[in-house]
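Here is a friendly briefing to read alongside the model.

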Amino acid sequence: MITPSFRYTLEKNRNDFGRTKKEMIMVDIRYRYCRLNSQGRKIYVPCKLSLQAKIFPKDFGYKENGFKFDREVFEKYSKRNRDIKNRMSDFERIVTDVAMTYPIQITPSPDELKLILLDKLGRVQKVDNSYLSIIDFLNEQISRYENELVKQTEGSLSEDSIKIYRSLRTLIMEYQSATNEVLTFSNLNELKYWHLWDVLDDILRGKIELTEKIRKKAQVKQEYGYSVNSIRKYQNALLKTLNEAKEHYGVSLALDTKRSGLKLKKADAKKEFYLTEKELQLIIDSDVGYDKSLQQAKDYLIIASCTGLRFQSMVHATSQTVEVFKDKDFHFQYFISEQKKTKTKVLLPILELVQKILEKNGGSFPRFGANGTMNKRLKSLCELIGIDADVKETITSFKDGEVVLNRKKYELVSTHDGRKSFRSNLNKLNADRNIVSDMTHPDRKPQHAMDKEYIKTTMMDKAILFVKELKKVDSTIYKLGELS
């Protein structure tokens, strides 16, 4: 934590329009703590505390400046009354002492710092923190996760992972609104834990209507409620939050998080879906340059369907350098993709369609929006150009079990489907499955230095095998880019 600075202000008395009465002195402790706002921009947030001292505004600053703190005015006052000045000195010393206990790479959130300072200042009594609201604790955790993401600290959560915790916060707020009860660490026992998911499922089905507006956008009701996998995702996040509170903050829990049976079994979500070469050609031929978000969706589907990359690997590709391989037999562009999910790497030759997008983008991979945003844009694009074949989707509902739904293709398209399209289309073109699999499922992460060098060599060997395979298939889409 860096050395803090202090900004003093007055807490204006709303009933004193002339500002003739004493007002409480407030302190903004600035220590460059930052988090992301709703637009994804970095903002700096101070820790706010009261000095627990009042002063006449005229002794704090000039009226014409709105009684903003003025050192000269305050010094004149302090000559006859040093109490507040001494309070300021003591306050700043305590804050600085606390700051020095943190390594430079660790920055407490404003709420965390406030609790520590209140304790050091002797303003709080020790209480049983098991009655702490889970929402309050979640707010604290989310702020910490956001700060770690901004700093790119080791082990920091991704934006998509943080979104799960934000969604969990919304769900708990909805439960509290529906039941008129605040969830705390002391009242969340096993019975209430399962009641939470039951109530949330009823809200999604429309069986329970909330009178309080919690979401910015109205939630679309679902006939079959939450899927098992959705509930399981939020169960993982909630149990991790409870364990964090217990292990790192000593909070007593009513729920035994170590016992088995607190998470639903993972279910296989099935959809008969991939983008055929004919559908990909519709996307390629579409003229959507008039709309930036649609063009972004078009580029995404082309690149993902010609590389087999997952969303996180697509994001990572923007930082990768495009290189050229050339020997007496082969001449092609490639890049090294990091497979975030498996922590492996693969050397991917660049197909002609991808090469054209890179050339249009100055030789680099384009940047894309967040996963959820891209999913919406892909659906809009596919609906617009008529990718509307009927497909079946099988889901496992939280309360209804396995359900088969008839859907339109554009309703189901997602950022993961480029990967399926890549493998399915090459399989239909009779490309060797093992060679294609080497591009989508590379070997495990190397454990030793010599392994890394060996795997780096074999990555190129596998890429060359893939290039050979591409030369065998008859396709205008799965075609290697030509270089002069």
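**Helix pairs, cores and selected residues**

Helix α6 (residues 190-205) and helix α7 (residues 228-249) have axes that come within 12 Å and cross at roughly 140°. Please keep in mind that this is a predicted model.

**The α6/α7 pair**

- The handedness of the crossing of α6 and α7 is right-handed.
- On the α6 side, the contact is made by Tyr193, Trp194, Leu196 and Trp197; on the α7 side, Ile231, Tyr234, Gln235, Leu238 and Leu239 take part.
- Sorted by class, the residues of this contact of α6 with α7 are 8 nonpolar, 1 polar and no charged.

**The α2/α3 pair**

- Helix α2 (residues 83-100) packs on helix α3 (residues 110-120) at an angle of about 125°, and their axes are 10 Å apart.
- That angle makes α2 oblique to α3.
- Where α2 passes α3, the crossing is right-handed.
- Ile94, Val95 and Val98 of α2 meet Leu113, Ile116, Leu117 and Lys120 of α3.
- The classes in this contact of α2 with α3 are 6 nonpolar, no polar and 1 charged.

**The α14/α15 pair**

- The axes of helix α14 (residues 417-428) and helix α15 (residues 433-440) come within 10 Å, crossing at roughly 165°.
- With that angle, α14 is roughly antiparallel to α15.
- The crossing of α14 and α15 is right-handed.
- From α14, the contact draws on Arg419, Phe422, Arg423, Leu426 and Asn427; from α15, it draws on Arg433, Val436, Ser437, Met439 and Thr440.
- The contact of α14 with α15 holds 4 nonpolar, 3 polar and 3 charged residues.

**Nonpolar cores**

- In soluble globular proteins, nonpolar side chains tend to be buried together.
- Which residues have the most contacts inside the largest nonpolar core? They are Ile283, Phe332, Leu426, Phe466 and Tyr478, in a core of 62 residues.
- Helix α9 (residues 292-307) gives the most to this core, contributing 8 residues.
- Beyond its neighbours within four places in sequence, Leu426 is in contact with Ala431, Val436, Phe466, Leu470 and Tyr478.
- Another core, of 39 residues, lies apart from the largest one, and Phe137, Leu138, Leu157 and Tyr226 are among its members.

**Helix α11 and what follows**

- Helix α11 (residues 352-360) has Leu353, Val354, Gln355, Ile357 and Leu358 as its buried residues.
- These buried residues of α11 pack against α8 (277-285), α9 and β8 (331-339).
- Just after α11 comes Gly362, with a positive phi of about 70°.

- Ile25 has its place in strand β2 (residues 23-30), and it counts as buried because its relative accessibility is 0%.
- Setting aside neighbours within four places in sequence, Ile25 is in contact with Tyr8, Thr9, Leu10, Ser50, Leu51, Gln52, Ala53, Ile55, Phe60, Ile84 and Met88.
- Ile25 and Val95 are 70 residues apart along the chain, and their C-alpha atoms are separated by 16 Å. Val95 also belongs to the contact of α2 with α3.
- Not counting residues up to four places away in sequence, Ser337 touches Leu309, Ser313, Thr344, Lys345, Val346 and Leu348.

- Asn187 sits in the loop between α5 (159-179) and α6.
- How far apart are the C-alpha atoms of Asn187 and Tyr131? They are separated by 7.8 Å, with the two residues 56 residues apart along the chain.
- Asn187 also touches Glu181, Val182 and Lys192, leaving out residues up to four places away in sequence.

Definitions and conventions: Residues numbered from 1 in each chain as written. Predicted model: local features only at pLDDT ≥ 70, side-chain atom pairs only at ≥ 80, totals over all residues. Heavy atoms only, no water. Axes fitted to C-alpha atoms, helices over the stretch in contact; angles between N-to-C directions. Helix = DSSP H or I, 4+ residues; strand = E, 2+ residues; numbered from the N terminus. Left-handed = near helix turned anticlockwise from the far one by under 90°. Contact = heavy atoms within 4.5 Å. Nonpolar A, V, L, I, M, F, W, Y, C, P; charged D, E, K, R; others polar. Core = buried A, V, L, I, M, F, W, Y, C linked by side-chain atoms within 4.5 Å. Buried < 20%, exposed > 50% of the residue type's maximum accessible area, 1.4 Å probe, protein only. Parallel < 35°, antiparallel > 145°, perpendicular 65-115°, else oblique.
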